[in-house]
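Hi,

Here is the structure I promised to pass on. Have a look first, and my notes follow below.

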Amino acid sequence: MLPAARRLRRLLLAPLVLLAALIFAFEDWLWDPLTRLIARIMRWPVLRWLDSRVRALPPYGALAALLAPAAGLLPVKLAGLALIAHGHAGAGLSLFVLAKVAGTALLAWLWGAVQPQVRRIGWADRAIDALLRLKAIVYGWVMAWPLVVLVRRRVRRWGERTRTRWQAWRAARRLAAQSRR
């Protein structure tokens, strides 16, 4: 490939890779809190029954259950993008993000419930491993970009300052409450 073509390809691919990395980062950031939330919700009797049924699915049934939310939420995400394209950016972005969060929560629960069954399917196990390796490569590549490093550093500092202020505010509230007694 010619150097100019290589530069053009890199220039055109960079935003797509960054978008993919942002989506991966968003899902990673949401995964643990949503898993804990879904675990609490799944304690409800009706959902506990559903959880036991999903966990008992055979391998290909578990694979279908894992893929079904993606197919079901795709039209909702496309509707969000259509709203954005038609000038309703706020509504479209809200719908898209809501679908993304709901899908991530559902996937987090389903993945925990059906992963052992799905991994018994040889090709699915290899595909999952390949996807996870690709995700790690892209994520590591994007996280090394200078702009991303800078943003992460600033977000970390902002979080530390916010946490410090929050702790000071809580301590002041406790002292004020104790002095009123």
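This is a predicted model: local features need pLDDT of at least 70, side-chain atom pairs count only at pLDDT 80 or more; totals for chains, interfaces and linings use all residues.

**What turned up**

Asp51 sits in helix H2 (residues 45-55). Leaving aside residues up to four places away in sequence, Asp51 touches Met42, Trp109 and Ala113. With Trp109 there is also a side-chain polar contact of 2.6 Å. Arg55 is partly exposed, at 41% relative accessible area.

The whole structure has three salt bridges. Arg119 pairs with Asp125, with the closest N and O atoms 2.3 Å apart, and with Asp129, where the closest N and O atoms are 2.9 Å apart. Arg119 is in the loop between helix H4 (89-118) and H5, while Asp129 is in H5, so this pair ties together parts 10 residues apart in sequence. Through shared partners, Arg119, Asp125 and Asp129 join into one network. Relative accessibility is 23% for Arg119 and 29% for Asp129, and both count as partly exposed.

Last, the helix packing. H1 (residues 3-41) and H5 (residues 122-143) pack at about 105°, with axes 9 Å apart, so they are roughly perpendicular. Residues in the contact include Phe24 of H1 and Trp141 of H5. By type, the contact residues are 10 nonpolar, no polar and two charged.

Cheers

Conventions:
Residues are numbered from 1 along each chain as its sequence is written. Side-chain values use heavy atoms; hydrogens and water are left out. Axes are lines fitted to C-alpha atoms, for helices over the stretch in contact, and angles run from 0 to 180 degrees between N-to-C directions. Helices (H or I, at least four residues) and strands (E, at least two) are DSSP runs, numbered from the N terminus. Angles under 35 degrees count as roughly parallel, over 145 as roughly antiparallel, 65 to 115 as roughly perpendicular and the rest as oblique. Contact means heavy atoms within 4.5 Å. Ala, Val, Leu, Ile, Met, Phe, Trp, Tyr, Cys and Pro count as nonpolar, Asp, Glu, Lys and Arg as charged, and the others, Gly among them, as polar. A polar contact is a pair of N or O atoms within 3.5 Å; within protein, one must be able to donate a hydrogen and the other to accept it, and residues adjacent in sequence count only if both atoms are side-chain atoms. A salt bridge is a side-chain nitrogen of Lys or Arg within 4 Å of a carboxyl oxygen of Asp or Glu. Buried means under 20% relative accessible area, exposed over 50%, partly exposed in between (1.4 Å probe, protein chains only).
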